[in-house]
Amino acid sequence: MNTSKLKLTLLASLICSLIHVNPTLQARQLDPSCYKNIPFVNSVREQTVANLAKALQFYVFKDVAKEGAQGVDLKKELEDIAMAEFLNDFQFQQRVQKIFTPLNDGHVWYQPKCYRSMNFIQAFPLTSYVDSAGDQRVYILDQPVFRQGLYNKVREVTGVNVQNFLGMEVTEIDGVPVLEALQRFADEELGKTKDPQQRFEMLLANHALTSYGQWRSFFGYWASPGIVPDKSNVTYTLQSPRHGSLKVTIPWIAIPQISLKSFWSTFGYKRLYCDPDPTSPYGMEFLNPSTLGLLPEPGPGQSDTESLSTTYINTNPLKFYQLDGNTGVLVLPTFSLGDQFTYDSFDSAMDQGLEKFRRLGIRKLILDFTNNPGGSICLGYKLLNHLFPQIPRQQLYYHSDLVRSPLSMELAKRNSLWQCSNYYNPDENSLHKGLSCMFPGTTYIRGGEQANFTQKLQYNCDFQVNRRINRKPWFQTKDVAIVTNGRCASTCSSVSNFLQRVMKVRTFVTSPFPKGTNPPISTAPGGMVFSYDNLLWQITEAGLSSREDAPKNFPQKADFYFTVMENYGWNTSLPDEYAQRPATDRIVLDESNFFSPVEVWTEISQKLNYSK
């Protein structure tokens, strides 16, 4: 090893040691040298690329993703990576991550656990809404959403007191007009939704109900993008009421994401958090969010919603509010089940809330799905069943399909996701038997190639959904509305799409954009998402892991999620992922309603008085 390389190795090892010295580190300035000193190994590349290629045989949008001017050919991207040169493992893994970003599919991402140990934060969460003249502006959130330690670290590094700038307007970022800079960042780095307005909005701080039943501010993907930034600082041009235009540079601050264990060098770090050694913690122990610089208290605006004097049902995470004499609001921030949120507790909460609404004479219903990331599709069907119990199952359940490959047909013979008896045959209104969903199958021409799929399926949620509801529906669909900020994903998207397309309810999206086509109310409606670990488990349990076409463990710890089942809308032949509709209405955000769900709900209630 030459002298210069030895110095670099020692420097990076020192940086890793500094991270170790204080494993409960509140914050430190960006310095990914520890990451970048992990050497590139060709065998790691070969195994990673080969395993991804084998896993992608199950990805339902692999072929259709190639279509159009912005098409993504994942096979070709992996072939290019197999031939490219890399300075280190970090560069290689970043390249792998980025091939999935242009898919703009919130269900698909690859993330090496090796480089998840630190979360990089910008201390300026941004908001956007229109001013009194109707022009869109961008501001620094005027409320502190991070712990004081993060602000202290910025001050230590730069001498800047972040809190002096809260609420100021941002006009440029790194010398680029702010709207252009944010849209470029959203398009190039975020990749979570196909609508550019939604990608922009996801960068922004917002205010919503948490899955724990608290109203609080979320700082958005600009302040915490989940990537390792390629530069140490961001320079903002601000408009100060007192001092006019000024510039301020804010560093990226790294905060530990995991409970760091003993290591004193880059190589020790790699052994613990990168290599799949059976003695190392494969499942990293992630820290409680309160240690990541977040304020644990509910954010501003809680008094706005909780001050509604009328009785509401408060069963976390559901909340039922009476907005006015005949308007009720149901707020549901998640469809994910847990110890405190089960199918039974959901049924109980819905029974209590809807019965209370009936007694109060509520005739109009607003469903607030803001920031709902989805969860159990069966729970989504249960919600629809509670609201409209007259809907027959064959109309309620999505039509879906799975990729048909030699390996998936073998999995269909075992207890797995691909087993046909898990699904209804919508043409015959009966459960599939044996391999009936696989034969004869369906063939599409997508991306210029033949794509083989199962017959249309309906995932069987009867056990969860078939609860007899004797209550007669009293909501007319013309009196029901959905509101989201576009961050309504997966199951939330499926539920919203059903209500919009089949039940013809009005849909409202809150947006900082005053003009243009309305963005959709939801994103990532594609279907069922699967983890790589779950796929390997099902293949292993089926006794198929020795097959040549079966993916194996990655050579380094990594997460990979992708869509294995595609959903079709009730009146379209296209997969829902490629058939999103704009919302029927837009609520333009301004300084008044940005932090006030009540103002948003009131505007919707007033609009429900008019037919559209």
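How many bridges join strand β20 to β21, and which way do the two strands run? In this predicted model, 5 bridges join β20 (residues 442-446) to β21, and the two strands run antiparallel. Residues are numbered from 1 along each chain as its sequence is written, and side-chain values use heavy atoms, with hydrogens and water left out.

**Strands and hairpin**

- Helices (H or I, at least four residues) and strands (E, at least two) are DSSP runs numbered from the N terminus, and two strands pair if DSSP finds at least two bridges between them.
- Glu449 in β21 is the bridge partner of Arg446, and in the hairpin of β20 and β21, which has 2 residues between the strands, Gly447 takes a positive phi near 60°.
- An open sheet is formed by 3 strands in the order β19-β18-β22, with antiparallel pairing; β19 (430-431) and β22 (458-459) stand at the edges, each with a single partner strand, so one side of each is left without a neighbour in the sheet.
- Strand β18 (residues 423-425) is joined to β22 by 2 bridges, and Tyr423 has Tyr459 in β22 as its bridge partner.

**Second largest pocket**

- On a 1 Å grid over the protein atoms alone, a cavity is a set of points where a 1.4 Å probe fits but cannot get out, whereas a pocket is an open set with protein on both sides within 12 Å along at least five of seven lines; lining residues have an atom within 4 Å of a point.
- Grid points are joined across faces, edges and corners, and a volume is the space filled by probe spheres set on the points.
- The second largest pocket holds about 460 Å³ of space, and among its 22 lining residues Leu56, Lys62, Asp63, Lys75 and Glu449 lie nearest its centre.
- Two or more residues of this lining come from each of α3 (42-55), α4 (74-83) and β21 (449-453).
- The lining of the second largest pocket comprises 10 nonpolar, 4 polar and 8 charged residues, where Ala, Val, Leu, Ile, Met, Phe, Trp, Tyr, Cys and Pro count as nonpolar, Asp, Glu, Lys and Arg as charged, and the others, Gly among them, as polar.

**Packing of α3 and α4**

- The axes of α3 and α4 come within 10 Å and cross at roughly 170°, the axes being lines fitted to C-alpha atoms over the stretch in contact, with angles running from 0 to 180 degrees between N-to-C directions.
- The helices α3 and α4 are therefore roughly antiparallel to each other, a term used for angles over 145 degrees.
- Arg45, Val49, Leu52 and Ala53 in α3 meet Leu78, Ile81, Ala82 and Met83 in α4, contact meaning heavy atoms within 4.5 Å; the residues of this contact divide into 7 nonpolar, no polar and 1 charged.

**Cavities**

- The whole structure contains 6 cavities of 30 Å³ or more, and the largest cavity holds about 260 Å³ of space.
- Of the 21 residues lining the largest cavity, His207, Thr370, Thr510, Leu589 and Phe594 lie nearest its centre, while β8 (206-209) and α19 (597-607) each supply at least two lining residues.

**Backbone geometry**

- Most residues other than glycine have a negative phi, and most peptide bonds are trans.
- A cis peptide bond, with omega about 5°, joins Phe439 and Pro440, and Pro440 lies in the loop between β19 and β20.
- Ser490 has a positive phi near 60° and is placed in the loop between β23 (480-484) and α17 (491-501).

How values were computed:
This is a predicted model: local features need pLDDT of at least 70, side-chain atom pairs count only at pLDDT 80 or more; totals for chains, interfaces and linings use all residues. Angles under 35 degrees count as roughly parallel, over 145 as roughly antiparallel, 65 to 115 as roughly perpendicular and the rest as oblique.
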